[in-house]
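Welcome! Open the model in your viewer, keep the selection tool at hand, and follow along stop by stop.

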Amino acid sequence: MKLYVTDLSPNSRRVLGAVHHLGLEGETEIQKFNLMAGEHQTDEFRAINPNVKVPVLVDGDLTLWEANPIVIYLSDRKGAESFCPSAPRDRIEILRWQSWEVQHFNKALGDIVWETVAKQFFGLGAPDAEKIEAGQQNFRRFAAVLEDQLANQDYVLGNNVTAADFAVGSHSALALHPHSEVPLSEFPKVEAWLHRLEALPAWAKTAPEKPAEAAE
Ligand SMILES: N[C@@H](CCC(=O)N[C@@H](CS)C(=O)NCC(=O)O)C(=O)O
């Protein structure tokens, strides 16, 4: 298999985390693009993904873009029932939380950390205080839902890590960044879960170093 990814990308991180968690490193060739240098903007890559975005997985005659479906595909390929169960009532929970994080939780989180961490890192100008405030309000709304979900369990769907954690937690490094301004202290279960995720060996292997350095 060939996997196209980039550094500092929550979308790439969840897929790389799955590759490590599922023990697929030996059969996965990884190509990293420097997006800022435009390395992905080639006719060859546009033919692989017309959106010209990473991550993309190519496995034989299958070309798959979009991070969450890639994680499910890798898990199913490996038959990893505990990471991404196939029983309909369990599978639909994975899909529910993947959909929720894209639309709500990580949308809010991404809006905050784009302003507070990413723009500075990429040299794209000063943070916009109004956008940070709007993102924080949205974050509070959806983090409260996750806080309740984590009230009596370690991970999003119980006491085992699943693909839902890698999706909902995909922004963990950015959220925990000292300059993030994400109001995590108001949601102690969510904060503890993000640290739990960061401590998982497969997730730790994919941790970005540069945002932390950029904060110094
Ligand atoms: N919905 C896509 C989002 C992919 C995405 O936005 N990728 C970013 C990196 S995080 C990218 O490739 N950006 C390059 C560009 O837009 O030129 C997914 O889930 O994979």
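Start by selecting proline 55, which sits in the loop between α2 (43–48) and β3; helices (H or I, at least four residues) and strands (E, at least two) are DSSP runs, numbered from the N terminus. This is a predicted model, in which local features need pLDDT of at least 70, side-chain atom pairs count only at pLDDT 80 or more, and totals for chains, interfaces and linings use all residues. Residues are numbered from 1 along each chain as its sequence is written, and side-chain values use heavy atoms, with hydrogens and water left out.

Look at the bond between valine 54 and proline 55: this peptide bond is cis, with omega at about 5°. Now select valine 52, in the loop between α2 and β3. Its phi is positive, near 55°, although valine 52 is not a glycine. Most residues other than glycine have a negative phi, and most peptide bonds are trans. Is valine 52 buried or exposed? With 11% relative accessibility, valine 52 counts as buried (under 20% relative accessible area; exposed is over 50%, partly exposed in between; 1.4 Å probe, protein chains only).

Next, show the ligand. Around the ligand you will find Val52, Val54 and Pro55, among others including Ser9, Asn11 and His40 (a residue is near a molecule if one of its heavy atoms lies within 4 Å of it). Glutamate 66 places a polar side-chain atom 2.8 Å from a ligand nitrogen, and a polar backbone atom of alanine 67 is 3.0 Å from a ligand oxygen. The protein covers 71% of the 510 Å² of accessible area that the ligand has on its own (Shrake-Rupley method, 1.4 Å probe).

From alanine 67, move along helix α3, residues 67–78. Its buried residues include Ala67, Ile70, Val71 and Leu74. Among the elements covering the buried residues of α3 are α1 (10–21), β4 (62–65) and α4 (88–122). Just after α3, select glycine 79, where phi is positive at about 65°.

Now go to glutamate 115 in helix α4. With 4% relative accessibility, glutamate 115 counts as buried. A polar atom of the glutamate 115 side chain lies 2.7 Å from the backbone nitrogen of aspartate 128.

Finish at glutamate 181, in the loop between α7 (172–175) and α8 (188–199). Glutamate 181 has a positive phi near 65° and is partly exposed, at 46% relative accessible area.

Note on methods:
Polar contact = N/O pair within 3.5 Å; in protein donor to acceptor, adjacent residues only side chain to side chain. Expected span 1.5 Å × (residues − 1). Contact = heavy atoms within 4.5 Å.
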